[in-house]
Amino acid sequence: MMARALRLAGQAAYTTRPNPMVGCVIAHGEEIVGEGWHQRQGEPHAEVLALQAAGSRARGATVYATLEPCAHTGRTGPCAEALVASGVARVVAAMRDPFPQVDGAGFERLRGAGIAVESGLMEAQARALNVGFLSRIERGRPWVRVKLACSLDGRTAMANGDSKWISGEAARADVMHWRARAGAILTGAGTVLADDPSLTVRFDQPREFVPPLRVVLDPGLATVARGKVREGDAPTLYLHAPDAKPPRDLVADRAAVPVKGGMFDLAAVLALLAQREINEVHVETGATLAGALLKAGLVDEVLLYIAPVLLGDTARPLFGGLGFTEMAQRLRMTIVETRHVGDDLRLLLRPQA
C-alpha cells in the first residue's frame with residue numbers, strides 16, 4: 001500500500017513544487033477504497049482527494065500516506081482534521097514532515113483524536129522522492145544537481161568551446177525530464193554568451209509541467225539584453241554583483257548577490273533560491289562554475305552522460321579550478337545509478353562526505 005502511495009506521489013514530479021510530492025491510499029485490509037496524490041500548489045492535498053474517493057468507506061480504514069498529514073491552514077485546510085472527521089482508525093506515514101508548521105503536529109492531532117499512528121514505513125524511499133523539498137527545509141538550501149555530458153576521455157567541449165553535440169538525441173531528450181522536475185535551471189553568463197541556450201523544457205509529447213525558473217549568474221549583467229534565455233514562457237532571474245549597473249530600462253527580475261575574491265558567494269546564491277522556494281537546482285554550465293560549486297561542497301549529485309567518443313587532451317575538462325596535485329586530494333564519488341540512454345551511458349553520482 002505504501003509503495004503504491006509513493007508511485008502515486010511521483011506522478012506530480014513536474015507540477016507540485018514548491019510543495020512536496022505526496023500520495024495517499026486508504027484501505028480496509030487489502031481492499032483499496034480511495035487514493036489520491038497532491039498535484040499542484042493550492043489544490044487539495046493527497047489525503048483529501050483520497051478521502052473524497054473513499055467517501056463513507058473511509059470510516060474504520062487504514063490510511064497510508066507518504067508524508068505526515070499537515071495540521072495547519074495554508075492555501076488549503078489541515079489534512080489531519082479531515083482525517084479525524086472521516087473516522088479513519090489508523091494512519092501509517094512514511095515519514096514525519098520537517099516543515100515547521102507541521103513537524104509532528106499532524107501526528108499529535110491524530111493521536112489526540114484516538115487514531116493509531118505509525119511512521120517510518122519505507123522512509124528512505126519517501127525521503128528520496130522529496131530530496132529537494134527536504135534539502136530546502138532541513139538545510140536551508142536547494143538540492144543541487146550538476147548535469148554534464150562528456151567523452152570517454154572526460155572532455156566536455158573542444159578547446160574552442162564547441163560542444164554540439166557530444167551526447168546523442170536520446171540523452172538530450174532524457175535531460176528534459178530532469179529539467180522539468182527542477183525548480184530552477186542555473187547557468188553562468190559565459191555559457192549564455194558562448195552557447196545561447198534557451199534552458200527550457202521541451203517534450204516530444206504534450207505533458208503538464210511548471211516551467212522552471214532560469215537563473216543566470218551574471219556579475220556585470222552582460223547578458224540581460226541578449227539570448228534565448230530571455231525568450232519563452234519560463235521566467236528568468238539574473239543574479240549580479242552588488243556594484244553592477246543595470247540599464248535604466250531593464251525590467252528583468254534580478255537580485256544582487258555577494259561576491260568574494262572576484263567570485264559569487266555560491267552559498268548565498270543557493271540561500272536566495274531557497275527563499276524563493278526552489279527545491280531542486282539543475283545546473284547546466286561550463287567547467288568553471290561546475291568546478292566552483294564542487295569545490296565549495298555544494299554539489300549534491302552529478303548527472304553525467306558519457307558518450308562513446310574521444311575528444312583529445314586539448315579539449316575542456318568536466319570541472320575546472322579544482323587544483324588537485326596529489327592523489328590524496330582526489331574526490332571520491334558514489335555511483336547511485338547507471339543506465340544506458342541511447343548510445344550513451346548515464347551515471348548518477350554523489351560526492352562522498
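Here is a short walk through this predicted model, one selection at a time.

**Stop 1**

Five of them make an open sheet, in the order 2-1-3-4-5, and the pairing is mixed. Look for the edges: strand 2 (31-37) and strand 5 (116-119) each pair on one side only. Going from one strand to the next, the twist averages 15°.

Now select residues 23-28 and 62-65. These are strand 1 and strand 3, which pair in the antiparallel sense over four bridges.

**Stop 2: the largest nonpolar core**

Nonpolar side chains tend to be buried together in soluble globular proteins. Where does that show up here? Select Met2, Ile26, Val63, Leu83, Val88, Val91 and Leu110: these have the most contacts inside the largest nonpolar core, which has 43 residues. Helix 1 (residues 2-10) gives the most to this core, with five residues. Domain 1 (1-129) and domain 2 (141-351) both contribute residues, so the core lies between them.

Apart from this core lies another, of 37 residues; Leu148, Leu273, Ala290 and Leu293 are among them.

Then zoom in on valine 91. What is it in contact with, leaving aside neighbours within four places in sequence? The list is Val63, Pro69, Leu83, Leu110, Ile115, Ala116, Val117 and Glu118.

**Stop 3: glutamate 47**

Click on Glu47, in helix 2 (residues 46-54). UniProt, in an unreviewed entry, places the feature "active site" at Glu47. Is this glutamate buried or exposed? Glutamate 47 has 3% relative accessibility, so it counts as buried, the cut-off for buried being under 20%. Show what glutamate 47 touches, not counting residues up to four places away in sequence: Cys24, Ala65, Leu67, Pro69, Cys79 and Leu83.

**Stop 4: strand 6**

Jump to residues 143-150, which make up strand 6. Why is this strand described as largely enclosed by the rest of the structure? Because eight of its eight residues are buried. Side chains in a regular strand alternate between the two faces of the sheet. In strand 6, Trp143, Arg145, Lys147 and Ala149 are on one side, Val144, Val146, Leu148 and Cys150 are on the other, and all are buried.

Bring in the partners. Strand 14 (residues 280-283) runs parallel to strand 6, joined by four bridges, and there tryptophan 143 has glutamate 280 as its bridge partner. Strand 15 (residues 301-306) also runs parallel to strand 6, joined by six bridges; here arginine 145 is partnered with glutamate 301.

**Stop 5: strand 10**

Finish at residues 236-240, strand 10, where five of the five residues are buried. Thr236, Tyr238 and His240 point one way, while Leu237 and Leu239 point the other.

Which strands pair with it? Strand 9 (residues 213-217) runs parallel to strand 10 with four bridges, and strand 11 (residues 253-256) pairs with strand 10 in the parallel sense, also over four bridges.

Technical notes. Residues numbered from 1 in each chain as written. Predicted model: local features only at pLDDT ≥ 70, side-chain atom pairs only at ≥ 80, totals over all residues. Heavy atoms only, no water. Core = buried A, V, L, I, M, F, W, Y, C linked by side-chain atoms within 4.5 Å. Buried < 20%, exposed > 50% of the residue type's maximum accessible area, 1.4 Å probe, protein only. Helix = DSSP H or I, 4+ residues; strand = E, 2+ residues; numbered from the N terminus. Domains from an automatic or database assignment. Contact = heavy atoms within 4.5 Å. Pairing = 2+ DSSP bridges. Axes fitted to C-alpha atoms, helices over the stretch in contact; angles between N-to-C directions. UniProt positions renumbered as here; feature names shortened; annotations may be inferred.
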